[in-house]
Amino acid sequence: MKKKRLIIGSILLFFLFLGTALFCTVFGCDEIWNYGFAVSIYKGLVPYRDFNMVITPFYPFLMSLPFHIFGINELVLQITNSLFLVIAFFFLDEIIGDKKYIVLFFFIFPLSLVFPSYNIFLFVLFVFLLYCEEKGANDIVIGLILGFLFLTKQTVGICILACSILFYLKNIKKNIKRILGFLIPVTIVIIYLIINNAFIDFIDLCFMGLIDFGSKNVSTPFIMTFVFILLIINALYYIIKYPKSIFNYYVLAFYSIMLPLIDIYHVQVAFLAFIVLNCYNLNISDKYDKYIKVFSIMSYIGIGLIIFISSYPYTYPNDINHFEYRLIANPNIKFTKKVNNYMKKHDDKEMLLLVADAYYFKIIQDKKINKLDLINNGNCGYNGSKKIVDELKKHKESLFIINEVDFNKKSQIDKGALYYIKNNYKKVDSIGIYDIYSLE
């Protein structure tokens, strides 16, 4: 009976996640960039060498696999992501039972996190790690998971690996097995990068670039910093109270996901682990489970409906190539077509989109993504701003699209590149929020 309920519940959760991702989540750049990474790998491009990422490559490689069977429509990415979330909730059920529905509520409040992202996939892997530790899984298997965590987001992966090694420091045999498991996927990726002449670029973008990323993207709003400190104190409390439980140490290590961007999105992802930690350690009576379940599900659906209704007017499905089944507001569809038409009209000249939406238009037009399509601070390796400007100098005859809003401090777009265009080229046209610059 329990197995049947679990299967039905998993199916319902899948459609709930998929519906939320398609209809009730703000269509943003993080979603598009993650999609673009996977599409690029599917098309045979080599990460770091052909296009830039600041994350280790496991997630985009994994998400690119279904494209070989079903094509590169974003719906495929959303379905795959929803399946991973259902798997995470299956393991959460094993760890904290029906209290997992508290986690469900914070998947949509205050922001909807239900979109394809390496940060959410990192949480999926983290939950699987907790489950394996709880069930006493083979140490090589746990080592593999630690390797996948590192290959999903290197900063968090290193912290969790260090946590595991230090916790079992006196158990050399256990540590050797875990390190062996860790090295298997990591070695495979290193060999792939070396063979494809991308290893040096990988080190530059994923490690050296963190210097630029950290110095230019630090965001510390007071309320988020306050929550960050509370989460740390909470984890330390359980570590002191239950020093022999690796569970508590892992959660503390996972909180490194909030660094250096202590913003609402990263804090909310960390907060999911906070919920798991407290539900695991606190003796909450099961008699409250049904109330937790009903409140969380109804609140989740209610918030989702509010977001869906507020997105009106929209056309569904739309006729935007590869994004037909993603809810996009009509004004955005109209703007997309306007930009596409302009780019087709000037197809005789190279056009460089130095804007956050560059991946979006490249995917729609089935064009290959390159290193000038994502010029956020810290996304081009060490001293990245100089590298971008040096590359732009090679494209003097091109048309450059920039957004005046990106000169604002809050924008992540590299300001050095924008000022180079503005100081060396003339504004010749505009498309909505975009300005077109050229030598002419």
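**Close-up views of a predicted model**

**View 1. Surroundings of Asn-119.** Leaving aside residues up to four places away in sequence, Asn-119 touches Lys-153, Ile-257, Tyr-265, His-266 and Val-269 (contact: heavy atoms within 4.5 Å). The side chain of Asn-119 forms a polar contact of 2.9 Å with the side chain of Lys-153 (a pair of N or O atoms within 3.5 Å; within protein, one must be able to donate a hydrogen and the other to accept it, and residues adjacent in sequence count only if both atoms are side-chain atoms). With a relative accessible area of 3%, Asn-119 is buried (buried is under 20%, exposed over 50%, partly exposed in between; 1.4 Å probe, protein chains only). Asn-119 belongs to helix H7, residues 118-135 (helices are DSSP runs of H or I, at least four residues, numbered from the N terminus).

This is a predicted model, in which local features need pLDDT of at least 70 and side-chain atom pairs count only at pLDDT 80 or more, while totals for chains, interfaces and linings use all residues. Residues are numbered from 1 along each chain as its sequence is written, and side-chain values use heavy atoms, with hydrogens and water left out.

**View 2. Two cis peptide bonds.** The bond from Phe-109 to Pro-110 is cis, with omega near 0°; Pro-110 sits in the loop between H6 and H7. The bond from Leu-259 to Pro-260 is also cis, with omega near -5°, and Pro-260 lies in the loop between helix H13 (246-254) and helix H14 (264-281).

**View 3. Asn-197.** Phi of Asn-197, a residue other than glycine, is positive, near 55°. Asn-197 is exposed, at 63% relative accessibility.

Notes. Helix = DSSP H or I, 4+ residues; strand = E, 2+ residues; numbered from the N terminus.
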